[in-house]
Amino acid sequence: MTTLMAILGVLVFVLGLLFSIAWHELGHLSWAKLFGIRVPQYMVGFGPTIWSRRKGDTEYGFKAIPLGGYIRMIGMFPPGADGRITARSTSPWRSMIEDARQASYEELQPGDETRLFYTRAPWKRVIVMFAGPFMNLLLAFGLFLTVLMGFGEAKSLPTIQSVQQCVVTVGQPTDSCPQGAPTAPAAAAGLMAGDTIVSFEGHRIADYDQLQQDIRNAPGRTVSIVVERAGRQLTLHPTLVTNQVAALDGHGNYLPGKTVRAGFLGIQPQTGIVQLGFGESLNRMADMAESGVQSLIAVPSKVPALWDATFEGAPRQADSPVGVVGAARVGGEILNLDIPASQQIAIFVQLVAGFNLSLFLFNMLPLLPLDGGHIAGALWEALRRRIARVFRRPDPGPFDVARLMPVAYVVAGIFVCFTLLVFLADVINPVKLS
């Protein structure tokens with residue numbers, strides 16, 4: 001049954017992946033057709049075609065390798081300076097440029113002269129290229145909102161799970177006391193497992209994050225804490241101590257390996273599923289987007305640890321980059337977790353939402369062959385033309401994005417190498433949800 005559930009989890013994630021890819025390409029397709037650009041192909045996947053059907057100008061289909069998708073638009077690049085679109089040089093760099101230019105015209109038909117991508121106004125091209133990532137962002141927003149407001153998320157509660165008997169620094173066992181360790185303030189004051197902390201120094205406690213921050217900000221002070229116990233409210237007066245505790249970022253998340261000296265009470269909170277309101281959900285999603293940007297920026301710095309985890313037997317870090325294979329394995333683990341089915345569904349939905357957020361951020365990088373590279377080219381063309389008008393200079397014409405194809409091949413090569421490394425890491429030393 002465990003293996004069957006794991007396989008089912010992988011299949012469910014793959015279906016979510018395929019839908020996300022199809023949804024992305026639908027954004028490009030819809031706006032391209034709206035602006036009169038001819039689109040010969042709309043494909044989900046790469047490699048050999050396993051099914052397709054032509055409707056109007058476009059062939060719709062699925063390919064064998066479900067690791068991406070694409071639409072083909074006629075005239076992605078303008079003709080060269082002499083108006084030709086065939087290779088005219090033995091230079092490998094020039095061949096790259098002209099091969100890309102020729103590929104964008106290889107399905108040119110009579111009447112397509114007015115349906116070429118590059119002939120559209122820059123703002124229209126920006127919309128066409130932005131529409132794909134925006135669809136992923138829209139889907140991520142809807143899925144995250146569904147999880148946070150509908151299913152809820154696991155949060156630490158201001159209800160005590162356990163009370164530490166002595167003061168120990170972060171990283172030390174909390175279930176036993178070293179010789180000579182002082183009694184923890186919570187134990188000395190009479191706090192007990194099951195107590196719900198209602199207020200701290202007269203301020204009502206709404207969540208554990210607030211309580212944790214209040215405790216950390218009061219080292220060495222005797223404070224007033226009101227707890228609810230067995231339907232009654234009691235006021236206790238623990239004297240907090242200064243201790244070495246785990247550092248937090250600006251959003252209350254623990255920073256691995258970092259510590260600070262702060263106020264210490266000595267309690268462990270219970271964890272519960274809490275449904276968030278709309279405003280709270282928006283704030284939570286903003287935090288996720290910020291973390292996503294920071295993670296994307298940090299990817300190059302994680303490559304050495306990823307290499308070591310793959311080939312040197314080093315432990316795989318929890319925040320290590322994960323590819324499609326790794327995410328699918330996580331999907332397989334979800335259905336084997338000993339948690340309610342509603343929470344399994346919630347984790348699945350959140351996994352697909354996170355994948356879509358990553359697709360949006362990654363595709364917005366201003367590098368060819370990503371969507372952001374084409375957007376940057378269109379914006380640069382619009383700026384050049386605006387400057388030419390202001391200074392009454394001749395129109396410089398369309399910006400030849402094809403000239404950047406050598407850079408695009410280098411970027412694509414780096415992406416392929418990184419993807420291969422992540423794939424090997426996910427197979428050899430995968431990140432495990434449990």
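The sections below take these topics in turn.

## Model confidence

The structure is a predicted model. Its mean pLDDT is 85, and 92% of the residues reach 70 or more. Confidence is highest in helix α3 (residues 122-151), at a mean of 94, and lowest in helix α2 (residues 92-103), at 66. Over residues 85-89 the pLDDT falls below 50, yet this stretch has 13 contacts in the model beyond near neighbours in sequence.

A search of the whole structure finds eight salt bridges. One of them joins R284 to E153, with 3.1 Å between the closest N and O atoms. R284 belongs to helix α6 (residues 278-311) and E153 to strand β3 (residues 153-163), so the pair ties together parts that are 131 residues apart in sequence.

The two partners fall into separate accessibility classes. E153 is buried because its relative accessible area is 12%, under the 20% limit. R284 has a relative accessibility of 28% and therefore counts as partly exposed.

## Salt bridge between two loops

The side chains of E201 and R221 also form a salt bridge, with an N to O distance of 2.8 Å. E201 is in the loop between β4 (196-200) and β5 (203-204), while R221 is in the loop between α5 (208-216) and β6 (225-229); the pair links distant parts of the chain, 20 residues apart.

E201 is partly exposed, with a relative accessible area of 30%. R221 likewise counts as partly exposed, at 39% relative accessibility.

R385 and D395 meet through their side chains in a salt bridge of 3.1 Å, N to O. The partners are ten residues apart: R385 lies in helix α9 (residues 371-390), and D395 lies in the loop between α9 and α10 (405-428). Salt bridges with shared partners join R125, E381, R385 and D395 into one network.

## Helix α10

Helix α10 has 24 residues. From its first C-alpha to its last it reaches 34 Å, close to the 34 Å expected at 1.5 Å a residue.

The buried residues of α10 are M405, P406, A408, V411, L421, V422, A425 and D426. An α-helix has 3.6 residues a turn, so residues three or four places apart point the same way. This background applies when reading the list of buried positions, which includes A408 and V411, as well as L421 and A425.

## Backbone geometry

Most residues other than glycine have a negative phi, and most peptide bonds are trans. Against that background, which peptide bond is cis? The bond from L368 to P369 is cis, with omega near 10°. P369 is located in the loop between α8 (341-363) and α9.

For E201, which is not a glycine, phi is near 55°. This residue, placed in the loop between β4 and β5, is also a partner in the salt bridge with R221. R392, also a residue other than glycine, has a positive phi of about 55°. R392 sits in the loop between α9 and α10. With a relative accessibility of 80%, R392 counts as exposed, whereas E201 is partly exposed at 30%.

Conventions
Residues are numbered from 1 along each chain as its sequence is written. Side-chain values use heavy atoms; hydrogens and water are left out. A salt bridge is a side-chain nitrogen of Lys or Arg within 4 Å of a carboxyl oxygen of Asp or Glu. Helices (H or I, at least four residues) and strands (E, at least two) are DSSP runs, numbered from the N terminus. Buried means under 20% relative accessible area, exposed over 50%, partly exposed in between (1.4 Å probe, protein chains only). pLDDT is the predictor's confidence in each residue, from 0 to 100. Contact means heavy atoms within 4.5 Å. The expected span of a helix is 1.5 Å times one less than its number of residues.
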